[in-house]
Amino acid sequence: MRFAQSCILGRLRNQTFLSLAEANAAIAQALDRINDHVMRRLGVSRRQLFETVERPALASLPLEDYEFAEWRLARVSTDYHVEFKTFFYSVPHSLIRRRSSA
């Protein structure tokens, strides 16, 4: 990341962009140059390494969206509420003084 940042910012630091699209196009061009440059020690480019080593190892995204959930133990107080992160949630009165996951 640091290498890419210094190469891109170093190359574009003296240019003036009049639109975000123009700046993004210049960044994309600089990024392509970095990815296509053949590294001396390895004899291949970053793009070639990605295509041969990393792309085959990538897994497809799951079909269902990720849903964050946090589970905690809570005790129902006498006012029919459970507190979670300074918020109070109403629960059925039959659960008073019961301890369950919230």
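User: Where is the place of leucine 20?

Analyst: Leucine 20 sits in helix α2. Helices are DSSP runs of H or I with at least four residues, strands are runs of E with at least two, and both are numbered from the N terminus. This is a predicted model, where local features need pLDDT of at least 70 and side-chain atom pairs count only at pLDDT 80 or more, while totals for chains, interfaces and linings use all residues. Residues are numbered from 1 along each chain as its sequence is written, and side-chain values use heavy atoms, with hydrogens and water left out.

User: Leucine 20, buried or exposed?

Analyst: Exposed, at a relative accessible area of 65%. Buried means under 20%, exposed over 50%, and partly exposed in between, using a 1.4 Å probe and protein chains only.

User: Which residues does serine 45 touch?

Analyst: Leaving out residues up to four places away in sequence, serine 45 touches Asn35, Asp36, His37, Val38 and Met39. A contact means heavy atoms within 4.5 Å.

User: New topic. What is the pattern along the sequence?

Analyst: The chain reads α-α-α-β-β-β-β. That comes to 3 helices and 4 strands.

User: What radius of gyration does the chain have?

Analyst: It has 27 Å, whereas a compact globule of 102 residues would have one near 13 Å. The radius is taken over C-alpha atoms, and the globule rule is 2.2 Å times the number of residues to the power 0.38. Along the principal axes, the C-alpha atoms fill a box of roughly 70 × 40 × 25 Å.

User: What percentage of the residues count as buried?

Analyst: 11% of the 102 residues. The chain exposes about 9,400 Å², and carbon and sulfur atoms supply 56% of that. Areas come from the Shrake-Rupley method with a 1.4 Å probe; for residues, only the protein chains shown count as cover. Among contacts with a separation of 6 or more, 25% join residues 24 or more positions apart.

User: What volume has the largest pocket?

Analyst: About 150 Å³. A pocket is an open set of points on a 1 Å grid over the protein atoms alone, where a 1.4 Å probe fits, with protein on both sides within 12 Å along at least five of seven lines; lining residues have an atom within 4 Å of a point.

User: Which residues line the largest pocket?

Analyst: Phe3, Cys7, Arg11, Ala30, Arg33, Ile34, His37 and Arg46. Helices α1 (2-12) and α2 (20-36) each supply at least two residues of that lining. The lining divides into 4 nonpolar, 1 polar and 3 charged residues. Ala, Val, Leu, Ile, Met, Phe, Trp, Tyr, Cys and Pro count as nonpolar, Asp, Glu, Lys and Arg as charged, and the others, Gly among them, as polar.

User: Backbone now. What phi has tyrosine 80?

Analyst: A positive one, about 65 degrees, although it is not a glycine. Most residues other than glycine have a negative phi. Tyrosine 80 is in the loop between β1 (73-75) and β2 (81-84), and it is partly exposed at 39% relative accessible area.

User: And what is the phi of lysine 85?

Analyst: Near 50 degrees, again positive in a residue other than glycine. Lysine 85 is in the loop between β2 and β3 (87-90).

Technical notes:
Grid points are joined across faces, edges and corners, and a volume is the space filled by probe spheres set on the points.
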